[in-house]
Amino acid sequence: MGSFEGKVAVVTGAARGIGRAIAEDLADRGADVVVCDLRKEWLDESVAAVEAKGRKSLAVAVDVGDGDAVNACIKEVMEKFGRIDIMVNNAGITKDTLLIRMSDQDWDDVMRVNLKGTFLFSRAVARPMMKQRSGAIVNIASIIGLIGNAGQANYAASKAGVIALTKSTAKELASRGVRANAIAPGFISSKMTDALSQDVRDQMLANIPMARFGEPEDIAKAVAFLASDEASYVTGQCLSVNGGMVM
Ligand code: NAP
C-alpha cells in the first residue's frame with residue numbers, strides 16, 4: 001500500500017480500542033494524525049504513539065454528537081494542518097437491552113453518538129475535502145448493522161444508518177474526488193469481548209469460520225486500504241471484516 005506521507009488524518013474515539021489502533025497504523029504509514037475523544041487527557045498515549053512514529057499529532061477533546069464542537073475541531077485542524085485527507089468516524093457506544101425495555105434515552109444516546117456523530121464529522125470535512133478535490137471518509141459500522149441482534153435494536157439501527165449515510169455521502173461527493181466507505185467489523189477483541197465468559201466466547205467462536213476474534217489491527221488495515229490511493233475506484237461500499245462470520 002502506498003505511503004500516507006504528507007497526508008492528514010482525523011480519527012474519532014481514538015483514546016483506545018479500534019480507534020487507537022487506526023491512529024497508530026495511519027501514523028505508521030506516514031500520516032499526521034489528529035486524535036479525538038471525549039477528554040483530552042485520555043489521548044496522551046495515542047498522541048505519544050503517533051509521535052513515536054515520527055509523525056505530528058494533535059489531541060482534540062470533542063463530543064462527536066455536538067455540532068459546534070465538531071465544527072470547532074475541524075476548524076482547528078484546518079488552521080494547524082491546512083488540509084484533511086482522511087476522516088475516520090470510529091467513536092461508538094452501546095446501550096444494550098431488549099426492545100420492550102429500551103428507554104427513549106437508550107435509543108437517543110446511541111443514535112446521537114453513532115449516527116449523528118458520523119453525520120456531523122462527514123458534513124464538517126466535506127467542504128475542505130471538496131475544495132482539495134480529494135479525500136477519503138471511512139465510517140466504522142458493524143456486522144450488527146447488517147444482520148441485527150437481539151438486545152441491540154438501537155445499535156443495529158444506528159449502524160445500518162451509518163451504512164446508508166456512507167452511500168449517500170459517496171454519491172454526493174464522488175464528482176469532487178472524495179470517496180466514502182464503511183467497514184462492518186465482526187467481533188473484535190476489546191474490553192467488551194474480554195469481559196465475556198468462556199461459554200459465551202465459545203458460542204461466538206463457533207460461528208466464526210476463522211475461529212478467532214478479530215484484533216483492532218485487522219480493522220486498522222482495512223481502514224488503511226479504503227483510505228489509500230489503492231482504493232481510488234472504491235466508493236459507497238461496506239467492507240465486512242469478520243473472519244467469515246457473515247458472507
Ligand atoms: P471502545 O473501546 O469503547 O472505544 C470507543 C471510543 O470512543 C472510546 O474511547 C469512547 O470513549 C469514545 N467515545 C464514546 N462516545 C464518544 C463521543 N460522544 N465523542 C467522542 N468519543 C466518544 O470501542 P471499540 O470496541 O474500539 O469500537 C470502536 C468502533 O467500532 C465503534 O464504533 C464500535 O461500534 C465499532 N465496532 C466494534 C466492534 C467490537 O467488537 N469491538 C464490533 C463492531 C463494530 P469512552 O471511553 O468514554 O467510552
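Predicted model: local features only at pLDDT ≥ 70, side-chain atom pairs only at ≥ 80, totals over all residues.
1. Setting aside neighbours within four places in sequence, A9 is in contact with L26, D32, V33, V34 and I86, where contact means heavy atoms within 4.5 Å. A9 has its place in strand β1, strands being DSSP runs of E of at least two residues and helices runs of H or I of at least four, both numbered from the N terminus. With a relative accessibility of 0%, A9 counts as buried, a term that stands for under 20% relative accessible area with a 1.4 Å probe and protein chains only.

2. Residues are numbered from 1 along each chain as its sequence is written, and side-chain values use heavy atoms, with hydrogens and water left out.

3. The largest nonpolar core has 32 residues, and those with the most contacts inside it are I22, L26, V33 and I183; such a core is a set of buried Ala, Val, Leu, Ile, Met, Phe, Trp, Tyr and Cys residues joined through side-chain atoms within 4.5 Å. At least two residues of this core come from each of β1 (8-12), α1 (17-28), β2 (32-37), α2 (44-52), β4 (86-89), β5 (135-140) and α9 (216-227), and α9 gives the most, with 7 residues. Leaving aside neighbours within four places in sequence, I22 is in contact with V11, V88, N90, I140, A220 and V223.

4. A second, separate core of 28 residues includes V8, V10, V113 and A126. In soluble globular proteins, nonpolar side chains tend to be buried together.

5. For the protein as a whole, the secondary structure comes to 9 helices and 7 strands, and 51% of the 247 residues count as buried. Among contacts between residues at least 6 apart in sequence, 72% join residues at least 24 apart.

6. The radius of gyration, taken over C-alpha atoms, is 17 Å, which agrees with the value near 18 Å that a compact globule of 247 residues would have, the rule being 2.2 Å times the number of residues to the power 0.38. Along the principal axes, the C-alpha atoms fill a box of roughly 50 × 40 × 35 Å.

How values were computed: Buried < 20%, exposed > 50% of the residue type's maximum accessible area, 1.4 Å probe, protein only.
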